[in-house]
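Q: How does one read the features of a structure such as this one? Please show me.

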Amino acid sequence: MLCGEVDHDEGVVDLPLQRDHRYPPFMRVATPRSELEAAQDVKDLQHNGWKKIVKKKPKASQTEFKVLSREKYAGKFPATRISFKPITGRTHQLRVHSAAIGHPIVADPAYGIYGEASPNGGFEEWRMEKLAPSRAPQSLQIGINDAVQKEGQRMCLHAKELKFCHPISGKNLSFLAPPPF
């Protein structure tokens, strides 16, 4: 479930991701500016492990989404229930893409309103105003965050269905679980 009302019923978020050089170990949307900053920061890093992680090139990242419903979180805050289908499988992909389109996942402790990662998935405020004019306003995100804290809610991200091939038996397995929110 995302903060605010997403204005498109379906679509694809196609934004490359990179390790966040300012807030490791988090991820962010890769921009020409962030790539230059990361390259400069790598020069200044003393720890070879961090250098190796931050030095990695951005990777293409695509997420299909479809609006399932528009609801009221805690009975009063506009929220959108979304079905995500990651085309690529990048670290924190759904969480960063949600923040980058201006609708962070409800109760996301890293990419939400008071999260530890770069705000807006790494986009600057001026860019968000151009790219996501219908994004969830800060006041709405704060209201939802306050309701989340009162309810003790966990992040509203849930894998409804998992399918994979068992590595030993070769049998196709499928697991379904309805979302708890």
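The dialogue below takes some features in turn.

Q: What kind of model is this, and how are residues numbered?
A: This is a predicted model, in which local features need pLDDT of at least 70, side-chain atom pairs count only at pLDDT 80 or more, and totals for chains, interfaces and linings use all residues. Residues are numbered from 1 along each chain as its sequence is written, and side-chain values use heavy atoms, with hydrogens and water left out.

Q: How many residues of helix α3 are buried?
A: Helices (H or I, at least four residues) and strands (E, at least two) are DSSP runs, numbered from the N terminus. Buried means under 20% relative accessible area, exposed over 50%, and partly exposed in between, with a 1.4 Å probe and protein chains only. In helix α3 (residues 93–100), 8 of its 8 residues are buried; among them are Gln 93, Val 96 and His 97. Just after α3, Gly 102 has a positive phi of about 85°.

Q: Why does His 103 count as buried?
A: His 103 counts as buried because its relative accessibility is 2%. This residue lies in the loop between α3 and α4 (125–131).

Q: Which residues is His 103 in contact with?
A: Contact means heavy atoms within 4.5 Å. With neighbours within four places in sequence left aside, the contacts of His 103 include Leu 2, Cys 3, Ser 98 and Arg 135. A polar contact is a pair of N or O atoms within 3.5 Å; within protein, one must be able to donate a hydrogen and the other to accept it, and residues adjacent in sequence count only if both atoms are side-chain atoms. Here a polar atom of the His 103 side chain lies 2.8 Å from the backbone oxygen of Cys 3.

Q: Is Gln 62 buried or exposed?
A: Gln 62 is buried, because its relative accessible area is 18%. It is found in strand β5. Its side chain makes a polar contact of 3.2 Å with that of Asp 14. Not counting residues up to four places away in sequence, Gln 62 also touches Gln 93 and His 97, among others.

Q: Which residues of the largest nonpolar core touch the most other members?
A: A nonpolar core is a set of buried Ala, Val, Leu, Ile, Met, Phe, Trp, Tyr and Cys residues joined through side-chain atoms within 4.5 Å. The largest has 21 residues, and Val 6, Leu 15, Val 29, Ile 82, Val 96, Tyr 111 and Phe 123 touch the most other members. Two or more residues come from each of β4 (27–29), β5 and α3, and α3 gives the most, with 3 residues. A second, separate core of 12 residues includes Tyr 73 and Ile 144.

Q: What is the volume of the largest pocket, and which residues lie nearest its centre?
A: On a 1 Å grid over the protein atoms alone, a pocket is an open set of points where a 1.4 Å probe fits, with protein on both sides within 12 Å along at least five of seven lines; lining residues have an atom within 4 Å of a point. Grid points are joined across faces, edges and corners, and a volume is the space filled by probe spheres set on the points. The largest pocket has a volume of about 610 Å³. Its lining has 22 residues, of which Ile 82, Ser 83, Phe 84, His 158 and Lys 160 lie nearest the centre. The largest share of the lining, 6 residues, comes from β6.
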